[in-house]
Amino acid sequence: MSTRAGRRLARPGHSRWYGRRVPTEDAPRYGPPDALRSPRYAGVKTFARCPLVESPEDVDVAVLGIPFDTATTNRPGARFGPEAIRSASIVLRPYNPVQDALVFGELSVADLGDLSVTPGNAEKTVGQIAEQLEPIVRSGARTLCLGGDHLVVLGELRAYAAVHGPLGLVLLDAHADVWDVYVGERYYHGSPFRRALEEGLLDPSRSLLAGMRGSLYGPGDAAMPTDLGFEVITCEELVALTPEAYGARVRARVGDGPLFLSFDIDVLDPAFAPGTGTPEAGGLQTREALGFVRALRGLAFSGYDVVEVSPPYDGPGQPTAVAAANIAFELLTLDVLARGDSG
Ligand SMILES: [Mn+2]
């Protein structure tokens, strides 16, 4: 790269790879390049074609992959989830018409690459995730993490709680993930929220878990999350609610204080999201899930994730990864709607 090109590409409002991004002087520093100058399928597959950067400086939302699936109990493969979601995300356009939000253009969004993990060591990996995320959280950026099996959220919550204190949790998931021990292991993808409670990372009285369904180990399992202080909306109840009614339930529950939103792709029916670690029949359609997420507009979340995408089990056309990428876009939209363009 010539010196002149280096200066040109370093200017705010420019992408490293594709040249000029948004034709205004006060545009945020980072965002996807203009697809009318280079097609959306071109280039390195970062999230939504946002630039790959190392520092959270000038970043409103940092997208990170967590390529880890050691804590999976059934179908592995979520270690490849970030890569698949990134590939599916390249066709995201800047504007969300349903929410009337110019996501890329109001938010500075960058892909900060993948976190370091240790395949085969779940407990160590949780610590690594927390250690790597905490400085990004301290910088003031929100994070949108792409899993990875659901245990990764424990590392995310450690980082956020270290900065903000205990968080309210809004969870969309087929499972409450509050089981205790599985085949002798305390750190697995069915236990992160029980571990988070034990560590004081969550405020269950400000948390609402929705979408739970499927067979259980015994009659006591269904009451487990409520016994721990969480509110639960089962999938059977959820599908009978309008998105607005669901949004009202969440608002009534979470009150004021820091919030985290975790979206497990297995809340979708396996017909819509076959590529996941623990599929459960009778879930949401992709369209319904988008509606429930959109109904959270106005809530200010500190962090977000989309987890449990397992590409080896995905179908032709990668419907699971496509759904995950679009859910991620809705999460970014929530961030715009909650904060405006100031980040
Ligand atoms: Mn889960």
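1. Let's start with His 175, which sits in the loop between β8 (168-172) and α6 (192-198). Helices and strands here are DSSP runs numbered from the N terminus, with helices being H or I of at least four residues and strands E of at least two. The model is a predicted one, in which local features need pLDDT of at least 70 and side-chain atom pairs count only at pLDDT 80 or more, while totals for chains, interfaces and linings use all residues. Residue numbers run from 1 along each chain as its sequence is written.

2. Is His 175 buried or exposed? His 175 is buried, because 25 other C-beta atoms lie within 10 Å. The cut-offs are 20 or more other C-beta atoms within 10 Å for buried, 12 or fewer for exposed, and partly exposed in between, with C-beta atoms placed from the backbone. Setting aside neighbours within four places in sequence, His 175 is in contact with Gly 190, Met 212 and Thr 278. Contact means that the C-beta atoms of two residues, placed from the backbone, lie within 7 Å. For a distance to look up in your viewer, His 175 and Leu 92 are 29 Å apart, C-alpha to C-alpha, and 83 residues apart in sequence.

3. Next, a helix pair. Helix α2 (residues 81-89) packs against helix α11 (residues 319-339) at an angle of about 75°, and their axes are 8 Å apart. That angle makes α2 roughly perpendicular to α11. Axes are lines fitted to C-alpha atoms, for helices over the stretch in contact, and angles run from 0 to 180 degrees between N-to-C directions. Under 35 degrees counts as roughly parallel, over 145 as roughly antiparallel, 65 to 115 as roughly perpendicular, and the rest as oblique.

4. Which residues of α2 meet α11? From α2 come Ala 84, Ile 85, Ser 87, Ala 88 and Ser 89, and they meet Ala 321, Val 322, Ala 324, Ala 325 and Ala 328 in α11. By class, this contact has eight nonpolar, two polar and no charged residues. Here Ala, Val, Leu, Ile, Met, Phe, Trp, Tyr, Cys and Pro count as nonpolar, Asp, Glu, Lys and Arg as charged, and the others, Gly among them, as polar.

5. Helix α2 is largely enclosed by the rest of the structure, because seven of its nine residues are buried. Those buried residues are Gly 81, Pro 82, Ala 84, Ile 85, Arg 86, Ala 88 and Ser 89. Their cover includes the strands β3 (61-66), β6 (109-114), β7 (142-147) and β12 (303-307), along with α11.

6. Helix α9 (residues 243-254) has 12 residues and reaches 16 Å from its first C-alpha to its last, close to the expected 16 Å. That expected span is 1.5 Å times one less than the number of residues. In α9, the buried residues are Tyr 246, Gly 247, Val 250 and Val 254. They cover an arc of only 100° around the axis, so they are on the same side of α9. The arc is that of the directions from the helix axis to the C-beta atoms. The face turned away from the buried side carries the exposed residues Glu 244 and Ala 252. Cover for the buried residues of α9 includes β8, β9 (208-212), α8 (235-238), β11 (259-264) and α10 (286-294). After α9 comes Gly 255, with a positive phi near 55°.

7. Helix α4 (residues 122-138) has 17 residues and reaches 24 Å from first to last C-alpha, close to the 24 Å expected. Its buried residues include Ala 122, Ile 129, Leu 133 and Val 137, and among the elements covering the buried residues of α4 are β3, β7 and α5 (152-164). Lys 124, also in α4, counts as partly exposed, because it has 13 C-beta neighbours inside 10 Å. Just after α4, Gly 140 takes a positive phi of about 100°.

8. Finally, some backbone geometry to check. Most residues other than glycine have a negative phi, and most peptide bonds are trans. Ala 48 has a positive phi near 55°, and Asp 58 has one near 65°. Ala 48 counts as buried, with 23 C-beta neighbours inside 10 Å, whereas Asp 58 counts as partly exposed, with 15. A cis peptide bond with omega of about 10° joins Gly 147 and Gly 148, and Gly 148 is in the loop between β7 and α5.
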